[in-house]
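Dear colleague,

I am handing over the structure below, and I would be glad if you read these notes with it open beside you.

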Amino acid sequence: MTDGSTIDRRGLLRTGLAMGGTTALAQWYPAWAQPVSAGLVRDLPVVSGDDIVLRIAHQMMTIDGRQSHAIGLNGTVPGPLIRLREGQRVRLDVENTLDEDSSIHWHGLLLPFHMDGVPGVSFPGIRPRSTFTYEFPVIQSGTYWYHSHSGLQEQMGHYGPIVIDPAGADPIAFDREHVIVLSDHSPLHPHAIFRRLKLQGGYFNYRKQTLAGQLAGRGQSAKERRNWGAMRMDPTDVADVTGATYTYLVNGHGPRDNWTALFRPGERVRLRIINASAMTTFNVRIPGLTMTVVQADGLPVRPVAIDEMQVAVAETYDVIVQPTDDRAYTLVGESVDRSGMARATLAPRAGLVAAVPALRPRPIASMKDMGMGGMDHGAMIGTDHDSMSGMDHAAMGHGAPAATSDPCPPEHAAMGHCTPAAPSAAPAAMDHAMRDFANAPEVKKTPTVQTIAPMPVDRTGEPGQGLEDVGHRVLVYRDLVAATRNPDVRAPSRQLRIHLTGNMERYMWAFDGEKLSEVKAPIPFRKDERVRVTLVNDTMMGHPIHIHGHFFELVTGHGDHAPRKHTVQVQPGGTVTFDITTDAVGDWAFHCHMLYHMHAGMMQVVSVRGEGDAA
């Protein structure tokens with residue numbers, strides 16, 4: 001889906017007429033993800049209990065009436081909902097019927113490292129035509145998910161939700177619940193997608209700025225475009241893979257399928273939102289309904305009322321909505337680049353639809369997204385040297401300011417009315433600053449590093465790229481406050497700084513300039529060590545960073561009630577700081593959860609050892 005016209009009135013009518021036909025496709029979906037969901041109840045036929053069997057296999061799936069090849073579990077995409085209870089011990093027999101290795105990682109679950117499910121790190125993987133048994137105690141509750149950590153199988157449908165009920169009464173009051181699994185799907189094989197990205201980093205960006213747009217007054221001015229061009233950067237490069245090839249899904253259903261969740265007016269409805277996509281950051285909203293966030297990454301937070309939130313890849317949020325009117329509402333999961341949307345309906349009865357909002361204008365990167373946050377005041381990149389006055393050019397050795405006017409605009413030059421002046425020093429100065437390794441001594445000088453953010457800033461108080469001026473309440477990380485006091489409130493004993501680096505032109509991604517294949521040793525931690533980690537995003541793209549086997553506390557000013565998460569979005573040109581207690585001995589994956597970024601090298605291993613263990 002690439003524009004707002006994809007969902008039109010005739011499309012909605014076709015959807016309504018096709019509801020009966022959609023029921024015939026019910027075998028493609030697990031019970032909780034049927035075309036119309038009345039809401040989860042405890043006896044719903046999902047996989048649960050102490051002994052669970054899962055089967056990984058090739059299959060077909062149907063999206064918006066079209067069949068596509070997939071890899072599913074137990075015959076469905078997404079895989080079955082795994083419902084567990086805090087305090088139980090679960091045994092999962094996973095059969096791999098593929099002709100290649102596979103695996104399952106239990107995202108966000110705290111378990112022994114050899115059960116974590118990452119081939120080459122915590123176990124060898126599940127060989128073709130074989131079965132592996134995972135067994136571990138369930139020591140937490142909340143909303144989580146599972147997915148393959150082998151190759152690019154996750155993109156093909158190898159994922160599913162996990163709900164863990166608390167051992168006692170649930171502290172969150174609700175009358176009905178629905179699981180909302182957001183994802184992305186392409187008819188292209190994931191290796192074909194990756195090959196295209198390697199050949200041309202912006203291959204799927206069909207929404208670049210054009211001359212027609214400039215003449216119509218849209219986007220950046222001519223001078224801004226020249227400046228960005230001089231720096232070899234594309235301000236519309238917001239998402240690597242877009243609606244040009246993706247269809248965005250809710251519980252395996254496309255926008256035209258119109259997955260529908262039922263409610264009774266006045267009920268407190270709990271939505272367990274999981275971003276199980278390979279590459280898509282979703283902006284989620286329900287026009288006409290307030291969402292109250294009650295849980296982030298499976299852990300309770302103090303309720304916060306919002307109208308929209310940006311959900312990064314691999315994050316989960318539980319929200320409460322309480323519709324009082326006897327009408328339908330549209331749940332919108334708009335891709336961050338606004339090239340498409342996932343769409344579902346909340347309704348008091350089947351067959352109702354609500355208006356589907358048009359896609360909003362795509363965001364254009366700003367100076368802050370370039371790592372110039374220390375000098376940006378909300379404007380786009382300056383059109384002259386005066387707009388860069390926040391930068392100390394003398395200290396950077398860039399010389400005197402260039403002229404600030406443009407006496408010969410390009411349209412006059414083309415008519416022979418004047419001679420263009422020499423290019424401004426501003427783009428050259430910024431280009432030099434953005435490749436100055438003195439700003440990041442931790443980073444290796446490798447081809448993987450295209451840019452270094454000169455002035456990165458903490459962006460945890462911001463709503464996310466493109467949501468700055470939407471005119472309603474948007475969740476920011478600083479809104480999140482843990483519902484209970486953190487288990488470890490010690491001050492960190494040391495600090496660690498890690499840079500997120502990349503080269504979009506060659507499609508290479510890494511930590512500190514080194515891809516996983518180039519890393520000589522894991523990142524070492526001692527057991528029960530308390531470490532403050534700062535992530536610095538030197539790229540112009542958001543990165544959801546995930547550490548296995550642990551939660552960390554975001555340093556956002558909430559002290560011993562800092563929100564605890566397992567995945568955090570580091571905005572372009574931004575920083576995120578968190579405190580972590582490395583209490584789980586073993587080797588743990590640490591990576592960007594953008595699937596193709598991880599595949600291209602943005603991954604390392606964290607090694608936690610006790611005092612007496614070998615290094």
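**A sheet and some aromatic pairs**

Please keep in mind that this is a predicted model. In it, strand S13 (residues 259-262) and strand S21 (residues 341-347) run parallel and are joined by 4 bridges, and if you look at Ala261 you will find it opposite Leu346 in S21. Both strands belong to an open sheet of 6 strands with mixed pairing, whose order is S1-S13-S21-S20-S15-S18. The edges of this sheet are strand S1 (36-37) and strand S18 (308-311), each of which pairs on one side only.

The next topic is the aromatic rings, of which a search of the whole structure finds 15 pairs. One of them is formed by Tyr248 and Phe282, with 5.8 Å from centre to centre and 90° between the planes, and it is edge-to-face. This pair links distant parts of the chain, since Tyr248 lies in strand S12 (residues 247-250) and Phe282 in strand S15 (residues 282-285), 34 residues apart. Tyr248 has a relative accessibility of 1%, so it counts as buried, and Phe282, at 0%, is buried as well.

How are the rings of Phe552 and Phe578 arranged? Their centres are 4.1 Å apart and their planes are at 25°, which is under 30 degrees, so the pair counts as stacked. Here too distant parts of the chain are linked, with Phe552 in strand S28 (residues 552-554) and Phe578 in strand S31 (residues 574-582), 26 residues apart. Phe552 is buried at 1% relative accessible area, and Phe578 counts as buried at 3%.

Finally, ring pairs link Trp106, Phe123, Phe132, Tyr134, Phe136 and Tyr146 into a cluster.

How values were computed
Residues are numbered from 1 along each chain as its sequence is written. This is a predicted model: local features need pLDDT of at least 70, side-chain atom pairs count only at pLDDT 80 or more; totals for chains, interfaces and linings use all residues. Side-chain values use heavy atoms; hydrogens and water are left out. Two strands pair if DSSP finds at least two bridges between them. Helices (H or I, at least four residues) and strands (E, at least two) are DSSP runs, numbered from the N terminus. Rings of Phe, Tyr and Trp (its six-membered ring) pair if their centres lie within 6.5 Å; planes under 30 degrees apart count as stacked, over 60 as edge-to-face and the rest as tilted. Buried means under 20% relative accessible area, exposed over 50%, partly exposed in between (1.4 Å probe, protein chains only).
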